[in-house]
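I opened my notebook to get to know this structure, one stop at a time. Have a look at it alongside me.

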Amino acid sequence: MSETYTAGPVAALRRIAFLMERGREETRRIEAFRAAAAAILPLPADEVADRVESGTITELAGIGPSTGAVISDAVRGVVPERLARLEAEHDGPLAPGGRALRAALRGDLHCHSDWSDGGSPIEEMAFTAIELGHDYLVLTDHSPRLKVARGLSAERLARQLDVVDAVNDHLGGAFTLLKGIEVDILDDGSLDQTDEMLARLDVRVASVHSKLRMESAAMTRRMVGAIRNPRTNVLGHCTGRLVTGNRGTRPSSDFDARAVFEACVEHDVAVEINSRPERRDPPTRLLELARDTGCLFSIDSDSHAPGQLDMLDYGCERAEEAGIDPDRIVNTWPQERLLAWANG
């Protein structure tokens, strides 16, 4: 291609992975591009360039023919063909509506890293959030009961908080990675982490992940119990449904939605508008009920990879369609107001 490319091979590989994640392409293929970026990141630029010219770039561990071709083009100042194609396919808004609301969002209160079931390191999630224009991002890896997602014990969470401090020190204050958790709501409505650790966090998302077909009255008591906990800030993906995607479909949990949303209003807990297209949670009927009940909301990506952070587009479109006042959406608030609400 005739266009000059100046961003370098690491940027090209990261951008390709980001666009593939946005387009919900196969995880294994995406990981190859992120692994290649990690492989060449610590190498001197001269060494990478020499390997490109000598044809030995694919001899490096983690570099295959496809990623090697991207590196070679980028080193030579040529826009990689794969990058150009993905920009044409996946760049631009993911949803046509909700653009003004998307511009009003200051951050995202629900994301996962490779400390639990996410696919990328904490710093990669933070750097991508900065590139998307966020002021803050809340890191919310899972709590210990969710063993399938490598949930964090109190000890691992404590170590993670030190890493978050280190990332923020490196970033120097222009953006803040906030300390959080997606904490399981246990069968009796208690939260799956010690109160001591929950108190050390900035924001807590509480979600049901088990026994989703629990009888309605019991599920209602369970959810209301978690909402009443003074540490709870956001009720995550409240119905647990799946409407599409490679995990198949799953019906909504059965509970008294009015009672749950009234408890959210009473205890100042936001209802999450989960932006993942396979969830679309809460369903439109319940989203409108929560609106009419007077709930606060949080539009979250529930991202498990950097490119999924941009899925906020879908949640913003749904919130706009429901006519929700932007000031009732807590992640339109500046960080100081958000933290005062979450820890008031």
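In which loop is asparagine 331 found? I found asparagine 331 in the loop between α13 and α14 (335–342). I take helices (H or I, at least four residues) and strands (E, at least two) as DSSP runs, numbered from the N terminus.

Before going further, I noted that this is a predicted model, in which local features need pLDDT of at least 70 and side-chain atom pairs count only at pLDDT 80 or more, while totals for chains, interfaces and linings use all residues. Residues are numbered from 1 along each chain as its sequence is written, and side-chain values use heavy atoms, with hydrogens and water left out.

**Entry: asparagine 331**

Then I listed its contacts (heavy atoms within 4.5 Å). Leaving aside neighbours within four places in sequence, asparagine 331 touches Ala104, Leu105, Arg106, Gly107, Asp108, Leu109, Tyr136, Phe297, Ser298, Ile299 and Asp300.

**Entry: phenylalanine 297 and the cores**

Phe297 was in that list, and I followed it up. Not counting residues up to four places away in sequence, phenylalanine 297 is in contact with Ala270, Val271, Ile273, Leu287, Ala290, Arg291, Ile324, Arg328, Ile329, Val330 and Asn331. Phe297 is also named, with Leu235, Phe261 and Ile299, among the residues with the most contacts inside the largest nonpolar core, which has 59 residues. A nonpolar core here is a set of buried Ala, Val, Leu, Ile, Met, Phe, Trp, Tyr and Cys residues joined through side-chain atoms within 4.5 Å.

**Entry: helix α13**

Next I turned to helix α13 (residues 312–321), which is mostly covered, with seven of its ten residues buried. Those buried residues are Leu312, Asp313, Gly315, Cys316, Glu317, Arg318 and Ala319. They pack against α1 (9–22), α6 (99–104), β1 (107–111), β6 (270–274), α12 (284–293) and β7 (297–300). Just after α13, I noted a positive phi of about 70° at glycine 323.

**Entry: two helix pairs**

How do α7 and α8 pack, at what angle and how far apart? Helix α7 (residues 122–131) and helix α8 (residues 154–171) pack at about 40°, and their axes are 10 Å apart. Axes are lines fitted to C-alpha atoms, for helices over the stretch in contact, and angles run from 0 to 180 degrees between N-to-C directions. That angle makes α7 oblique to α8. For the words I use, under 35 degrees counts as roughly parallel, over 145 as roughly antiparallel, 65 to 115 as roughly perpendicular, and the rest as oblique. From α7, the contact is made by Ile122, Ala126, Phe127 and Ile130, and from α8 by Gln160, Val163, Val167, His170 and Leu171. By class, I have seven nonpolar, two polar and no charged residues there; Ala, Val, Leu, Ile, Met, Phe, Trp, Tyr, Cys and Pro count as nonpolar, Asp, Glu, Lys and Arg as charged, and the others, Gly among them, as polar.

Then I checked helix α3 (residues 45–54) and helix α4 (residues 65–75), whose axes come within 10 Å and cross at roughly 110°. α3 and α4 are therefore roughly perpendicular to each other. Val48, Ala49 and Val52 of α3 meet Ile71, Ser72 and Val75 of α4. This contact has five nonpolar residues, one polar and no charged.

Most residues other than glycine have a negative phi, and most peptide bonds are trans. With that in mind, I looked for exceptions. Arginine 24, in the loop between α1 and α2 (27–40), has a positive phi near 60°. Arginine 24 counts as partly exposed because its relative accessibility is 43%. Arginine 150, in the loop between β2 (136–139) and α8, has a positive phi near 55°. I also found a cis peptide bond joining aspartate 281 and proline 282, with omega about 5°. Proline 282 has its place in the loop between β6 and α12.

Where is glycine 55? Glycine 55 lies in the loop between α3 and α4, and counts as exposed because its relative accessibility is 54%.

Note on methods:
Buried means under 20% relative accessible area, exposed over 50%, partly exposed in between (1.4 Å probe, protein chains only).
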